[in-house]
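Good morning, and thank you for making time for this presentation. Please look at the sequence and the structure as they come up, and I shall then go through them part by part.

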Protein chains: 2
Amino acid sequence: MGKVKVAAFTVSLDGFGAGLNQSLKNPIGDRGTELHQWMFKTKVFQKMIGNSGGTTDTDNEFAEKSFQNIGAWIMGRNMFSPHRGSWANQDWKGWWGDNPPYHAPVFVLTHHEREPLHMEGGTTFYFVTDGIESALAKAKEAAKEKDVRIVGGVSTIQNFLKAGLIDEMHLAYSPIFLGSGENLLLGVNLPKLGLKLAQKVLTDDAVHIVLEKQN
Amino acid sequence: MGKVKVAAFTVSLDGFGAGLNQSLKNPIGDRGTELHQWMFKTKVFQKMIGNSGGTTDTDNEFAEKSFQNIGAWIMGRNMFSPHRGSWANQDWKGWWGDNPPYHAPVFVLTHHEREPLHMEGGTTFYFVTDGIESALAKAKEAAKEKDVRIVGGVSTIQNFLKAGLIDEMHLAYSPIFLGSGENLLLGVNLPKLGLKLAQKVLTDDAVHIVLEKQN
(Lines give C-alpha, C1' and ligand atoms only; values in the text may rest on other atoms or scores of the structure.)
Protein backbone atom coordinates (compact mmCIF):
# COMPACT_ATOMS: atom_id res chain seq x y z
CA MET A 1 0.00 0.00 0.00
CA GLY A 2 1.49 3.32 -1.06
CA LYS A 3 1.56 6.56 0.91
CA VAL A 4 -0.40 9.73 0.44
CA LYS A 5 2.16 12.49 0.35
CA VAL A 6 3.06 16.06 -0.31
CA ALA A 7 6.53 16.59 -1.75
CA ALA A 8 8.72 19.50 -2.80
CA PHE A 9 6.08 21.99 -1.76
CA THR A 10 7.70 25.37 -1.25
CA VAL A 11 6.70 27.95 1.33
CA SER A 12 8.23 31.26 2.36
CA LEU A 13 9.44 31.74 5.93
CA ASP A 14 6.31 33.73 6.64
CA GLY A 15 4.30 30.71 5.60
CA PHE A 16 3.04 31.49 2.11
CA GLY A 17 2.86 28.71 -0.44
CA ALA A 18 2.11 30.88 -3.42
CA GLY A 19 2.39 34.51 -4.33
CA LEU A 20 -0.53 36.79 -5.07
CA ASN A 21 -1.82 37.65 -8.54
CA GLN A 22 -1.62 34.30 -10.31
CA SER A 23 -2.29 34.72 -14.01
CA LEU A 24 -1.62 33.14 -17.38
CA LYS A 25 1.67 35.02 -17.64
CA ASN A 26 2.49 34.58 -13.97
CA PRO A 27 1.34 31.06 -12.99
CA ILE A 28 3.02 30.99 -9.61
CA GLY A 29 2.13 34.52 -8.62
CA ASP A 30 4.30 37.46 -7.61
CA ARG A 31 7.85 36.51 -6.62
CA GLY A 32 7.14 32.85 -7.37
CA THR A 33 10.51 32.54 -9.09
CA GLU A 34 12.34 33.63 -5.95
CA LEU A 35 10.22 31.28 -3.88
CA HIS A 36 11.13 28.29 -6.05
CA GLN A 37 14.79 29.16 -6.57
CA TRP A 38 15.97 26.01 -4.78
CA MET A 39 14.20 23.89 -7.41
CA PHE A 40 14.60 25.96 -10.58
CA LYS A 41 18.37 25.62 -10.52
CA THR A 42 18.33 21.81 -10.25
CA LYS A 43 19.12 19.28 -12.96
CA VAL A 44 15.70 17.67 -12.44
CA PHE A 45 13.87 20.90 -13.15
CA GLN A 46 16.16 22.05 -15.97
CA LYS A 47 15.67 18.69 -17.69
CA MET A 48 11.90 19.04 -17.28
CA ILE A 49 11.92 22.32 -19.22
CA GLY A 50 14.23 20.89 -21.88
CA ASN A 51 17.58 22.25 -20.74
CA SER A 52 20.78 20.39 -20.01
CA GLY A 53 22.82 21.21 -16.94
CA GLY A 54 21.48 22.22 -13.56
CA THR A 55 22.75 21.44 -10.08
CA THR A 56 23.20 17.91 -8.74
CA ASP A 57 23.18 18.93 -5.08
CA THR A 58 20.93 18.17 -2.12
CA ASP A 59 18.19 20.37 -3.58
CA ASN A 60 18.32 18.25 -6.73
CA GLU A 61 18.02 15.07 -4.66
CA PHE A 62 14.86 16.37 -3.04
CA ALA A 63 13.47 17.43 -6.42
CA GLU A 64 14.29 13.98 -7.83
CA LYS A 65 12.73 12.15 -4.91
CA SER A 66 9.51 14.15 -5.29
CA PHE A 67 8.89 12.42 -8.64
CA GLN A 68 9.79 8.88 -7.57
CA ASN A 69 7.29 6.06 -7.02
CA ILE A 70 4.24 8.22 -7.77
CA GLY A 71 1.33 6.20 -9.13
CA ALA A 72 -1.24 9.00 -9.22
CA TRP A 73 -1.45 12.72 -8.58
CA ILE A 74 -4.09 15.03 -7.16
CA MET A 75 -4.18 18.77 -7.71
CA GLY A 76 -6.55 21.66 -7.20
CA ARG A 77 -8.21 23.22 -10.20
CA ASN A 78 -6.31 26.50 -9.78
CA MET A 79 -3.09 24.61 -10.16
CA PHE A 80 -4.29 23.11 -13.43
CA SER A 81 -5.67 26.28 -14.94
CA PRO A 82 -5.69 30.09 -14.58
CA HIS A 83 -9.39 30.09 -15.49
CA ARG A 84 -12.25 29.91 -13.01
CA GLY A 85 -15.82 28.62 -13.28
CA SER A 86 -17.07 26.22 -15.94
CA TRP A 87 -14.71 24.82 -18.60
CA ALA A 88 -15.76 27.30 -21.30
CA ASN A 89 -12.33 27.02 -22.84
CA GLN A 90 -11.80 23.32 -23.57
CA ASP A 91 -8.54 24.17 -25.32
CA TRP A 92 -6.79 24.62 -22.00
CA LYS A 93 -4.73 21.51 -21.34
CA GLY A 94 -2.67 22.59 -18.34
CA TRP A 95 0.55 24.57 -18.04
CA TRP A 96 2.85 21.76 -19.07
CA GLY A 97 2.54 21.33 -22.87
CA ASP A 98 1.66 18.11 -24.71
CA ASN A 99 3.82 15.90 -22.49
CA PRO A 100 3.28 16.88 -18.84
CA PRO A 101 5.81 15.74 -16.22
CA TYR A 102 3.32 13.46 -14.42
CA HIS A 103 3.30 10.30 -16.58
CA ALA A 104 0.39 8.86 -14.60
CA PRO A 105 -3.25 9.73 -13.87
CA VAL A 106 -3.77 13.22 -12.41
CA PHE A 107 -7.01 13.86 -10.57
CA VAL A 108 -8.02 17.52 -10.76
CA LEU A 109 -10.43 18.76 -8.06
CA THR A 110 -13.11 20.97 -9.60
CA HIS A 111 -16.77 21.89 -9.25
CA HIS A 112 -17.29 21.61 -13.00
CA GLU A 113 -17.49 18.39 -14.99
CA ARG A 114 -15.19 17.76 -17.88
CA GLU A 115 -14.18 14.74 -19.95
CA PRO A 116 -10.80 13.13 -19.19
CA LEU A 117 -7.90 14.62 -21.08
CA HIS A 118 -5.34 12.17 -22.44
CA MET A 119 -1.91 13.64 -22.94
CA GLU A 120 1.39 12.28 -24.24
CA GLY A 121 3.73 10.30 -22.01
CA GLY A 122 1.07 8.55 -19.94
CA THR A 123 -0.52 11.56 -18.26
CA THR A 124 -4.31 11.66 -18.16
CA PHE A 125 -6.15 14.45 -16.39
CA TYR A 126 -9.37 13.28 -14.73
CA PHE A 127 -11.75 15.91 -13.41
CA VAL A 128 -13.31 15.00 -10.06
CA THR A 129 -16.37 16.92 -8.90
CA ASP A 130 -17.34 15.01 -5.75
CA GLY A 131 -14.65 16.05 -3.29
CA ILE A 132 -11.27 15.09 -1.90
CA GLU A 133 -12.22 11.70 -0.43
CA SER A 134 -13.55 10.58 -3.78
CA ALA A 135 -10.49 11.90 -5.57
CA LEU A 136 -8.26 10.05 -3.14
CA ALA A 137 -10.15 6.78 -3.57
CA LYS A 138 -9.80 7.05 -7.34
CA ALA A 139 -6.13 8.00 -7.08
CA LYS A 140 -5.34 5.13 -4.71
CA GLU A 141 -6.99 2.67 -7.05
CA ALA A 142 -5.03 4.02 -10.00
CA ALA A 143 -1.75 4.10 -8.07
CA LYS A 144 -1.99 0.46 -6.99
CA GLU A 145 1.10 -0.16 -4.80
CA LYS A 146 2.64 3.23 -5.51
CA ASP A 147 2.22 6.58 -3.73
CA VAL A 148 -0.37 9.26 -4.33
CA ARG A 149 1.11 12.75 -4.38
CA ILE A 150 -0.98 15.78 -3.53
CA VAL A 151 0.64 18.40 -5.73
CA GLY A 152 -1.07 21.57 -4.48
CA GLY A 153 -2.02 24.36 -4.27
CA VAL A 154 -2.26 25.61 -0.74
CA SER A 155 -5.97 25.12 -0.17
CA THR A 156 -5.93 21.60 -1.61
CA ILE A 157 -3.08 20.57 0.68
CA GLN A 158 -4.81 22.22 3.64
CA ASN A 159 -7.99 20.26 2.95
CA PHE A 160 -6.11 16.96 2.84
CA LEU A 161 -4.12 17.84 5.97
CA LYS A 162 -7.20 18.85 7.96
CA ALA A 163 -8.94 15.64 6.95
CA GLY A 164 -5.96 13.71 8.36
CA LEU A 165 -5.22 12.11 4.99
CA ILE A 166 -1.53 12.95 4.58
CA ASP A 167 1.05 10.30 5.58
CA GLU A 168 4.19 12.23 4.65
CA MET A 169 4.97 15.82 3.76
CA HIS A 170 8.16 17.33 2.42
CA LEU A 171 8.16 21.12 2.64
CA ALA A 172 10.95 23.33 1.34
CA TYR A 173 11.14 26.55 3.30
CA SER A 174 12.61 29.24 1.09
CA PRO A 175 14.42 31.93 3.10
CA ILE A 176 12.35 34.82 1.79
CA PHE A 177 9.33 36.70 3.08
CA LEU A 178 6.38 37.18 0.74
CA GLY A 179 4.32 39.28 3.15
CA SER A 180 1.00 38.09 1.75
CA GLY A 181 -0.45 35.21 -0.22
CA GLU A 182 -1.88 31.86 0.78
CA ASN A 183 -0.67 30.74 4.21
CA LEU A 184 -0.19 26.95 4.16
CA LEU A 185 -0.28 26.21 7.88
CA LEU A 186 -2.86 28.76 8.99
CA GLY A 187 -5.22 26.80 11.22
CA VAL A 188 -3.24 23.59 10.65
CA ASN A 189 -1.77 22.02 13.80
CA LEU A 190 0.82 19.54 12.52
CA PRO A 191 1.70 17.94 15.88
CA LYS A 192 -1.99 17.45 16.62
CA LEU A 193 -2.42 15.75 13.25
CA GLY A 194 0.29 13.31 14.26
CA LEU A 195 2.78 14.64 11.73
CA LYS A 196 6.22 14.58 13.32
CA LEU A 197 9.56 15.90 12.11
CA ALA A 198 11.43 13.03 10.46
CA GLN A 199 14.16 14.90 8.57
CA LYS A 200 15.58 18.39 8.23
CA VAL A 201 18.28 19.37 5.79
CA LEU A 202 19.53 22.89 5.30
CA THR A 203 20.92 24.05 1.96
CA ASP A 204 21.83 27.51 0.66
CA ASP A 205 18.39 27.99 -0.82
CA ALA A 206 16.02 26.03 1.39
CA VAL A 207 15.29 24.31 4.64
CA HIS A 208 13.96 20.90 3.69
CA ILE A 209 11.58 19.46 6.22
CA VAL A 210 10.07 15.99 6.05
CA LEU A 211 7.16 15.19 8.34
CA GLU A 212 5.79 11.71 8.81
CA LYS A 213 2.61 10.52 10.38
CA GLN A 214 3.09 8.56 13.55
CA ASN A 215 0.15 6.46 14.57
CA MET B 1 21.39 57.74 16.68
CA GLY B 2 20.85 54.10 17.62
CA LYS B 3 18.51 51.61 16.01
CA VAL B 4 15.29 50.13 17.27
CA LYS B 5 15.71 46.41 16.93
CA VAL B 6 14.51 42.92 17.63
CA ALA B 7 17.28 40.36 18.12
CA ALA B 8 17.57 36.64 18.80
CA PHE B 9 13.82 36.23 18.75
CA THR B 10 12.98 32.60 18.11
CA VAL B 11 10.03 31.31 16.13
CA SER B 12 9.02 27.83 15.03
CA LEU B 13 8.72 27.04 11.33
CA ASP B 14 4.98 27.30 11.65
CA GLY B 15 5.44 30.84 12.92
CA PHE B 16 4.95 30.61 16.68
CA GLY B 17 7.10 32.74 18.94
CA ALA B 18 6.05 31.15 22.18
CA GLY B 19 4.42 27.96 23.30
CA LEU B 20 1.05 27.75 24.98
CA ASN B 21 0.49 27.51 28.74
CA GLN B 22 3.06 29.95 30.07
CA SER B 23 3.29 29.68 33.86
CA LEU B 24 5.62 30.29 36.75
CA LYS B 25 7.13 26.85 36.30
CA ASN B 26 7.02 27.03 32.53
CA PRO B 27 7.92 30.63 31.58
CA ILE B 28 8.33 30.02 27.87
CA GLY B 29 5.34 27.73 27.48
CA ASP B 30 5.07 24.19 26.19
CA ARG B 31 8.09 22.98 24.22
CA GLY B 32 9.85 26.31 24.80
CA THR B 33 13.09 24.47 25.51
CA GLU B 34 13.05 22.80 22.12
CA LEU B 35 12.21 26.10 20.49
CA HIS B 36 15.22 27.83 22.06
CA GLN B 37 17.67 24.95 21.65
CA TRP B 38 19.92 26.98 19.33
CA MET B 39 20.50 29.51 22.15
CA PHE B 40 20.45 27.33 25.27
CA LYS B 41 23.55 25.44 24.16
CA THR B 42 25.64 28.58 23.59
CA LYS B 43 28.45 29.94 25.74
CA VAL B 44 26.59 33.26 26.03
CA PHE B 45 23.50 31.63 27.48
CA GLN B 46 25.37 29.15 29.68
CA LYS B 47 27.39 32.02 31.15
CA MET B 48 24.16 33.93 31.79
CA ILE B 49 22.82 31.11 33.93
CA GLY B 50 26.13 30.70 35.75
CA ASN B 51 27.64 27.76 33.89
CA SER B 52 30.99 27.49 32.16
CA GLY B 53 31.24 25.89 28.75
CA GLY B 54 28.71 26.14 25.94
CA THR B 55 29.22 26.34 22.20
CA THR B 56 31.23 29.06 20.47
CA ASP B 57 29.66 28.55 17.08
CA THR B 58 27.57 30.72 14.78
CA ASP B 59 24.59 30.40 17.09
CA ASN B 60 26.73 31.77 19.90
CA GLU B 61 27.80 34.71 17.72
CA PHE B 62 24.17 35.62 17.11
CA ALA B 63 23.40 35.27 20.83
CA GLU B 64 26.40 37.48 21.65
CA LYS B 65 25.46 40.10 19.10
CA SER B 66 21.95 40.32 20.50
CA PHE B 67 23.36 41.80 23.74
CA GLN B 68 25.80 44.25 22.16
CA ASN B 69 25.34 48.01 22.05
CA ILE B 70 21.95 47.96 23.76
CA GLY B 71 21.24 51.18 25.67
CA ALA B 72 17.68 50.38 26.70
CA TRP B 73 15.20 47.52 26.47
CA ILE B 74 11.44 47.29 26.02
CA MET B 75 9.36 44.26 26.93
CA GLY B 76 5.73 43.34 27.32
CA ARG B 77 4.35 42.77 30.77
CA ASN B 78 3.81 39.05 30.15
CA MET B 79 7.50 38.68 29.47
CA PHE B 80 8.31 40.30 32.80
CA SER B 81 5.82 38.40 34.88
CA PRO B 82 3.52 35.38 34.89
CA HIS B 83 0.91 37.43 36.78
CA ARG B 84 -1.85 39.43 35.13
CA GLY B 85 -3.78 42.52 36.25
CA SER B 86 -2.65 44.98 38.92
CA TRP B 87 0.69 44.51 40.71
CA ALA B 88 -0.83 42.87 43.80
CA ASN B 89 2.40 40.97 44.33
CA GLN B 90 5.15 43.62 44.55
CA ASP B 91 7.64 40.89 45.43
CA TRP B 92 7.82 39.80 41.82
CA LYS B 93 11.03 41.19 40.36
CA GLY B 94 11.19 39.40 37.04
CA TRP B 95 12.45 35.95 36.05
CA TRP B 96 16.12 36.81 36.19
CA GLY B 97 17.14 36.99 39.86
CA ASP B 98 18.83 39.95 41.56
CA ASN B 99 21.18 40.70 38.68
CA PRO B 100 19.21 40.53 35.41
CA PRO B 101 21.10 40.22 32.11
CA TYR B 102 20.04 43.66 30.85
CA HIS B 103 22.42 46.07 32.65
CA ALA B 104 20.47 49.08 31.41
CA PRO B 105 16.95 50.53 31.77
CA VAL B 106 14.16 48.13 30.82
CA PHE B 107 10.77 49.64 29.98
CA VAL B 108 7.94 47.24 30.74
CA LEU B 109 4.64 47.86 28.93
CA THR B 110 1.71 47.50 31.32
CA HIS B 111 -1.72 48.90 32.04
CA HIS B 112 -0.95 49.09 35.75
CA GLU B 113 1.29 51.66 37.44
CA ARG B 114 4.20 50.56 39.54
CA GLU B 115 7.29 52.28 40.97
CA PRO B 116 10.61 51.68 39.20
CA LEU B 117 12.50 48.64 40.37
CA HIS B 118 16.26 49.03 40.75
CA MET B 119 18.19 45.80 40.44
CA GLU B 120 21.88 44.91 40.68
CA GLY B 121 24.21 45.34 37.73
CA GLY B 122 22.62 48.48 36.31
CA THR B 123 19.20 47.08 35.40
CA THR B 124 16.18 49.21 36.34
CA PHE B 125 12.67 48.16 35.38
CA TYR B 126 10.43 51.13 34.56
CA PHE B 127 6.71 50.48 34.16
CA VAL B 128 5.14 52.40 31.28
CA THR B 129 1.37 52.71 31.15
CA ASP B 130 0.87 55.10 28.23
CA GLY B 131 1.67 52.93 25.22
CA ILE B 132 4.45 51.86 22.90
CA GLU B 133 5.29 55.28 21.44
CA SER B 134 5.80 56.68 24.92
CA ALA B 135 7.89 53.68 25.94
CA LEU B 136 10.01 54.10 22.83
CA ALA B 137 10.56 57.81 23.46
CA LYS B 138 11.70 57.06 27.01
CA ALA B 139 13.90 54.19 25.86
CA LYS B 140 15.54 56.26 23.13
CA GLU B 141 16.30 59.03 25.58
CA ALA B 142 17.82 56.54 28.02
CA ALA B 143 19.79 54.74 25.29
CA LYS B 144 21.43 57.93 23.98
CA GLU B 145 23.58 56.83 20.99
CA LYS B 146 23.00 53.14 21.58
CA ASP B 147 20.27 50.81 20.30
CA VAL B 148 16.88 50.09 21.80
CA ARG B 149 16.02 46.40 21.76
CA ILE B 150 12.43 45.21 21.79
CA VAL B 151 12.76 41.94 23.69
CA GLY B 152 9.27 40.48 23.22
CA GLY B 153 6.85 38.80 23.53
CA VAL B 154 5.02 38.21 20.31
CA SER B 155 2.26 40.81 20.72
CA THR B 156 4.74 43.51 21.78
CA ILE B 157 6.92 42.89 18.73
CA GLN B 158 3.84 42.81 16.50
CA ASN B 159 2.70 46.17 17.82
CA PHE B 160 6.09 47.77 17.15
CA LEU B 161 6.27 46.18 13.69
CA LYS B 162 2.80 47.30 12.68
CA ALA B 163 3.57 50.83 13.84
CA GLY B 164 6.60 50.79 11.52
CA LEU B 165 8.99 51.38 14.41
CA ILE B 166 11.46 48.51 13.90
CA ASP B 167 14.71 49.25 12.00
CA GLU B 168 16.28 45.81 12.24
CA MET B 169 15.04 42.36 13.20
CA HIS B 170 16.98 39.16 13.77
CA LEU B 171 14.74 36.12 13.89
CA ALA B 172 15.96 32.61 14.59
CA TYR B 173 13.72 30.03 12.93
CA SER B 174 13.90 26.82 14.89
CA PRO B 175 13.21 23.76 12.71
CA ILE B 176 10.31 22.50 14.79
CA PHE B 177 6.55 22.82 14.52
CA LEU B 178 4.60 23.94 17.59
CA GLY B 179 1.17 23.64 16.00
CA SER B 180 -0.33 26.41 18.12
CA GLY B 181 0.71 29.41 20.16
CA GLU B 182 1.29 33.05 19.29
CA ASN B 183 1.94 33.54 15.58
CA LEU B 184 4.51 36.33 15.17
CA LEU B 185 3.89 37.31 11.57
CA LEU B 186 0.13 36.83 11.41
CA GLY B 187 -1.15 39.98 9.73
CA VAL B 188 2.38 41.40 9.47
CA ASN B 189 3.57 42.08 5.92
CA LEU B 190 7.34 42.49 6.23
CA PRO B 191 8.05 43.56 2.63
CA LYS B 192 5.29 46.17 2.86
CA LEU B 193 6.85 47.51 6.06
CA GLY B 194 10.09 48.01 4.15
CA LEU B 195 11.90 45.26 6.04
CA LYS B 196 14.16 43.46 3.60
CA LEU B 197 16.30 40.36 3.97
CA ALA B 198 19.84 41.47 4.80
CA GLN B 199 21.38 38.22 6.04
CA LYS B 200 20.54 34.55 6.29
CA VAL B 201 22.72 31.97 7.99
CA LEU B 202 21.79 28.34 8.45
CA THR B 203 23.08 26.31 11.38
CA ASP B 204 22.15 22.87 12.67
CA ASP B 205 19.60 24.32 15.07
CA ALA B 206 18.31 27.49 13.40
CA VAL B 207 17.87 29.59 10.34
CA HIS B 208 19.06 33.04 11.30
CA ILE B 209 17.37 35.80 9.39
CA VAL B 210 18.26 39.48 9.65
CA LEU B 211 15.86 42.00 8.15
CA GLU B 212 16.68 45.67 7.76
CA LYS B 213 14.49 48.62 7.01
CA GLN B 214 15.17 50.17 3.66
CA ASN B 215 13.85 53.68 3.27
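Let me begin with a definition: two residues are in contact if their C-beta atoms, placed from the backbone, lie within 7 Å. What you see is a predicted model, in which local features need pLDDT of at least 70 and side-chain atom pairs count only at pLDDT 80 or more, while totals for chains, interfaces and linings use all residues. Residues are numbered from 1 along each chain as its sequence is written, and chains are lettered from A and ligands numbered from 1 in the order in which they are written.

I turn to the interface. Here 19 residues of chain B are in contact with 19 residues of chain A. On the side of chain B that touches chain A, strand 8 (195–202) and strand 9 (207–213) each supply at least two residues; strands (E, at least two residues) and helices (H or I, at least four) are DSSP runs, numbered from the N terminus. Strand 8 of chain B gives the most to that side, with three residues. By class, the side of chain B that touches chain A holds twelve nonpolar, four polar and three charged residues. In this count Ala, Val, Leu, Ile, Met, Phe, Trp, Tyr, Cys and Pro are nonpolar, Asp, Glu, Lys and Arg are charged, and the others, Gly among them, are polar.

How are the two chains related?

In chain A, an open sheet of nine strands has the order 4-5-3-2-6-1-7-9-8, with mixed pairing; two strands pair if DSSP finds at least two bridges between them. Strand 4 (117–118) and strand 8 (195–202) of chain A stand at the edges, each with a single partner strand, so one side of each lacks a neighbour in the sheet.

Strand 7 (residues 168–174) of chain A is mostly covered, with five of its seven residues buried. A residue is buried if 20 or more other C-beta atoms, placed from the backbone, lie within 10 Å of its own, exposed if 12 or fewer do, and partly exposed in between. Strand 7 of chain A runs parallel to strand 1 of chain A, joined by six bridges, and A:Val6 has A:Met169 as its bridge partner. Strand 7 of chain A is also joined by six bridges to strand 9 (residues 207–213) of chain A, and these two run antiparallel. In strand 9 of chain A, A:Val210 is the bridge partner of A:His170, and A:His208 is that of A:Ala172.

Five bridges join strand 2 of chain B to strand 6 of chain B, in parallel; B:Ile70 stands opposite B:Asp147, and B:Trp73 stands opposite B:Arg149. Strand 2 of chain B also runs parallel to strand 3 (residues 105–109) of chain B, through four bridges, with B:Val106 as the bridge partner of B:Trp73.

Within strand 6 (residues 147–152) of chain B lies B:Val148. Is B:Val148 buried or exposed? B:Val148 counts as buried because it has 27 C-beta neighbours inside 10 Å. Beyond four places in sequence, the contacts of B:Val148 include B:Gly71, B:Ala72, B:Leu136 and B:Ala139. The C-alpha atoms of B:Val148 and B:Ile70 are separated by 5.8 Å, although the two are 78 residues apart along the chain.

Finally, I come to helix 6 of chain A. Its buried residues are A:Ile132, A:Ala135, A:Leu136, A:Ala139 and A:Ala143. Seen down the axis of helix 6 of chain A, these residues fall within an arc of 95 degrees, so they line one face of the helix; the arc is that of the directions from the helix axis to the C-beta atoms. On the other side of helix 6 of chain A, A:Glu133 and A:Glu141 are exposed. What covers the buried residues includes strand 1 (4–12), strand 6 (147–152) and helix 7 (154–162) of chain A. After helix 6 of chain A comes A:Lys144, with a positive phi near 50 degrees. Thank you for your attention.
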